[in-house]
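Dear colleague,

I am passing on the structure below for you to look through. My notes on it follow, and I would be glad if you read them with the coordinates open.

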Amino acid sequence: RCKNLSVSFWNSYWMLPSDVCGMNCFWEAAFRYDYMKTHPSEKMHLAVVACGERLEETVTMLRSAIIFSIKPLHFHIFAEDQLHESFKDILDEIPYEGKVNYTLYPITFPSESAAEWKKLFKPCASQRLFLPLILKNVDSLLYVDTDILFLRPVDDIWSFLGKFNSTQIAAMAPEHEEPRIGWYNRFARHPYYGVTGINSGVMLMNMTRIRRKYFKNDMTPVRLQWGELLMPLLKKYKLNITWGDQDLLNIMFFHNPESLYVFPCQWNYRPDHCIYGSNCRAAEEEGIFILHGNRGVYHDDKQPTFRAVYEAIKNYSFGDDLVHSLLQPLEQELQKTTHTYCGRVYKVFMKQLTKSIRDLYARRSKG
């Protein structure tokens, strides 16, 4: 997957040499290919929660998942009732090529505390905490925020499920790579995972294991299951948490660190990885795999590099040539952002996207 990919046809378009990944990427890709080969009919489940003005952003995220993914996808979309018809109208028009299904759900919280959960941090964000309890028949799930963009197949992050050891139930990326600019290690008033905490914008879950596990906690010597743990945690830390449900997840995994698989920063690349200077070395070497445009950077002019990628995927028409209709216009826009710190490393934004498009065309050429 990573080696010997250059073909003379591509050389006039593409920046990457065929050997860009090195042996680490080669063996990682070999593992994922083997996992996909041994799980050929497995459907990937992706969940998102959309409230307020997040319709367009959510659809753009779903489009990015559809473009590159290989195995079938099932989208679990939790949205306010007034958004359901709009989601149906838009998604039913997208040419899925038979590989995508979706289910729309209302926003639901435990009745006795629904108002409290709904207003925690951003509207509806804490819905993700209840997914293992709502989607009882789903074994594994990839949850993502609405401001996520996939720059390589969902299959590749899904394959991390096969790398979990016997105690791991979920996977997330660190909140920061550089402790000097970390939020949790400087300001948190509650326990958090590891050195700099974890970011829950991309969360891969083995939900069967989550439902079965009894969690250590700091409220009782008795271990509690997921559904028993949520409300007591909120009651204890309500006045001390800033980032809502993400803080609660940090507290959970602080007490149960053996349960978390941590994946590298290029699987959850945010403005903090470049606005103070580039500090995600894995992305510098291999490119960005999943782009996370938090802080609203897709919709303002503060981080034009992030906005350019978002606009390119939002405006791409399915069926058009990806090189001429997405990749080349995007590179031209990114070259206009070099006055910013993130723009100075704009090739990091192109590297994996270029490979993903090249791989997609290679798969198509093989039938």
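This is a predicted model: local features need pLDDT of at least 70, side-chain atom pairs count only at pLDDT 80 or more; totals for chains, interfaces and linings use all residues.

Residues are numbered from 1 along each chain as its sequence is written, and side-chain values use heavy atoms, with hydrogens and water left out.

A search of the whole structure gives three disulfides, where a disulfide is a pair of cysteine sulfur atoms within 2.5 Å. In what follows, helices (H or I, at least four residues) and strands (E, at least two) are DSSP runs numbered from the N terminus, and buried stands for under 20% relative accessible area, exposed for over 50% and partly exposed for what lies in between, with a 1.4 Å probe and protein chains only.

Cys 51 lies in the loop between β1 (44-50) and α3 (55-68), whereas Cys 124 lies in the loop between α5 (114-118) and α6 (131-134), so the pair ties together parts that are 73 residues apart in sequence. Both Cys 51 and Cys 124 are buried.

Another disulfide, with S to S at 2.0 Å, joins Cys 265 to Cys 280; with 95 degrees about the S-S bond, this link of Cys 265 and Cys 280 is right-handed. Cys 265 and Cys 280 are both in the loop between β10 and α12, 15 residues apart, and both are buried.

Cys 274 is joined to Cys 342 by a disulfide with S to S at 1.9 Å, and this link is right-handed, with 85 degrees about the S-S bond. Here Cys 274 belongs to the loop between β10 and α12 and Cys 342 to helix α15 (residues 341-344), 68 residues apart. Cys 274 is buried at a relative accessible area of 0%, and Cys 342 is buried at 1%.

Turning to the rings, those of Phe, Tyr and Trp (its six-membered ring) pair if their centres lie within 6.5 Å, and planes under 30 degrees apart count as stacked, over 60 as edge-to-face and the rest as tilted. By this rule the count comes to 17 aromatic pairs. Among them, Trp 267 and Phe 289 have ring centres 4.7 Å apart and planes at 70 degrees, so the pair is edge-to-face. This pair links distant parts of the chain, 22 residues apart, with Trp 267 in the loop between β10 (260-262) and α12 (281-286) and Phe 289 in the loop between α12 and β11 (290-292). Trp 267 is buried, with a relative accessible area of 1%, and Phe 289 is likewise buried, with 1%.

The rings of Tyr 298 and Tyr 310 have their centres 4.7 Å apart and their planes at 10 degrees, so this pair is stacked. Tyr 298 lies in the loop between β11 and α13 (304-315) and Tyr 310 in helix α13, so the pair ties together parts that are twelve residues apart in sequence; both Tyr 298 and Tyr 310 are buried.

Phe 160, Phe 164, Tyr 261, Phe 263, Trp 267 and Phe 289 form one aromatic cluster. Arg 152 lies over the face of Phe 289, at 4.2 Å from the ring centre, where a charge sits over a ring if NZ of Lys or CZ of Arg is within 6 Å of the ring centre and within 35 degrees of the ring normal.
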